[in-house]
Amino acid sequence: MSLSPAYSTVNLYCSEVADLSDSIPFPYLDSSDDDERFILRLFDSELDGMLGSERLPVLPEGVIARRDVVNWMLKVHSYYNFRPETTYLSVTYLDRFLCIYDLPQGKEWSLQLLSVACISLAAKMEETTVPLLLDLQVMEPRFLFTAMTVQKMELLVMTVLKWRLRVVTPFSFLDYFISKIPRFSSQFHNFSNVSNLILSSCRVMDHLDFLPSSIAAAALLWVTGKNVDDQTLEHFHKRVDKEMVKRCHYLIKQSMCSMGQVKRQRLEPVPASPDGVLKCGGEDSKLGLD
């Protein structure tokens, strides 16, 4: 699929111009400010993002379908070189939506449509330039959707998530945690190893079961090979959930072994006929997009 020359700045839903270069960052998400008040706000904010009893049960076939669509989402993010925060947010939107809203059974396209909408929303939250909705559908997706269909799905996602799109991620804690552990700074010229680990674990690990601070701490300890004990965890912060970090670290170990054994299946090519494009109307009503 050829990219539109308009890949730069696109119109957001409701025709809002996507000029984010001068936007003012949320003060509690400014990772350059590592004082105590900043980190306490982060810890308070991450608790607001935890799901309670509202979660829907996940069927085995749903786990496989999610893994496949997350694999595709990560390919898209790599293709456009999006920020790690964008990638993590898009998967978070996807998982939070699926925990609350039941997609129609037997409609494989609905999960693909949801993934496109989540990528688009995350990019609009974090990136200064956002590809057109059709241009986002690269890397051999199984279905293609019109821009209007994706926009309707975006609105449904925002409604289901109660418009709470600004959430704390593990990347919000990395600077602070690295500064608190001796010799961490000398081992990292950038965050690529930790970032890749966090994003890779999204494929097979239910990260909604863990606080972002726990995921960040567990990923740092895994990459540096440090022991996951109470003495090491004391360096991070007193608000870090030590037992949750240990569980997360164990699951990261399991997920890394799992991803090393599982062969990635290639998605089917894009249908050559217009049948691969979902137009507005018809199937839209089954998702509540009317």
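## Accessibility of a salt-bridged pair

Buried means under 20% relative accessible area and exposed means over 50%, with partly exposed in between. Arg 239 has a relative accessible area of 32%, so this residue is partly exposed. The model is a predicted one.

The side chain of Arg 239 meets that of Asp 44 in a salt bridge, at 2.9 Å from N to O.

## Other salt bridges

In the whole structure, a search finds 11 salt bridges. One of them joins Lys 246 to Asp 230, with the closest N and O atoms 3.0 Å apart. Here too the pair links distant parts of the chain: Lys 246 is in helix α11 and Asp 230 is in helix α10, 16 residues apart. Lys 246 counts as partly exposed because its relative accessibility is 26%. Asp 230, at 38% relative accessibility, is likewise partly exposed.

A further salt bridge brings together the side chains of Lys 242 and Glu 234, at 3.4 Å from N to O. Elsewhere, Arg 83, Glu 85, Glu 126 and Arg 166 form one network, joined by salt bridges that share partners.

## Helix α3 against helix α8

Helix α3 (residues 84-100) and helix α8 (residues 192-201) have axes that come within 10 Å and cross at roughly 15°. Angles under 35 degrees count as roughly parallel, so α3 is roughly parallel to α8. The crossing of α3 past α8 is left-handed.

On the α3 side, the contact is made by Pro 84, Thr 87 and Tyr 88; on the α8 side, by Ser 195, Ile 198 and Leu 199. Sorted by class, the contact of α3 with α8 has four nonpolar and two polar residues, and no charged residues.

## Helix α8 against helix α9

Helix α8 also packs against helix α9 (residues 212-224), where the axes come within 9 Å and cross at roughly 120°. The two helices, α8 and α9, are therefore oblique to each other. In this case the crossing is right-handed, as α8 passes α9.

From α8, the residues that make the contact are Asn 193, Val 194, Leu 197 and Ile 198; from α9, they are Ile 215, Ala 219, Leu 220, Trp 222 and Val 223. The contact of α8 with α9 has eight nonpolar residues, one polar residue and no charged residues. Ile 198 of α8 takes part in the contact with α9 and is also listed in the contact with α3.

## Ser 214 in helix α9

Which residues are in contact with Ser 214, leaving aside neighbours within four places in sequence? They are Asp 241, Met 244, Val 245 and Cys 248. Ser 214 itself has its place in helix α9. Its relative accessibility is 0%, so Ser 214 counts as buried.

How values were computed: Residues numbered from 1 in each chain as written. Predicted model: local features only at pLDDT ≥ 70, side-chain atom pairs only at ≥ 80, totals over all residues. Heavy atoms only, no water. Salt bridge = Lys/Arg side-chain N within 4 Å of Asp/Glu carboxyl O. Buried < 20%, exposed > 50% of the residue type's maximum accessible area, 1.4 Å probe, protein only. Helix = DSSP H or I, 4+ residues; strand = E, 2+ residues; numbered from the N terminus. Axes fitted to C-alpha atoms, helices over the stretch in contact; angles between N-to-C directions. Parallel < 35°, antiparallel > 145°, perpendicular 65-115°, else oblique. Left-handed = near helix turned anticlockwise from the far one by under 90°. Contact = heavy atoms within 4.5 Å. Nonpolar A, V, L, I, M, F, W, Y, C, P; charged D, E, K, R; others polar.
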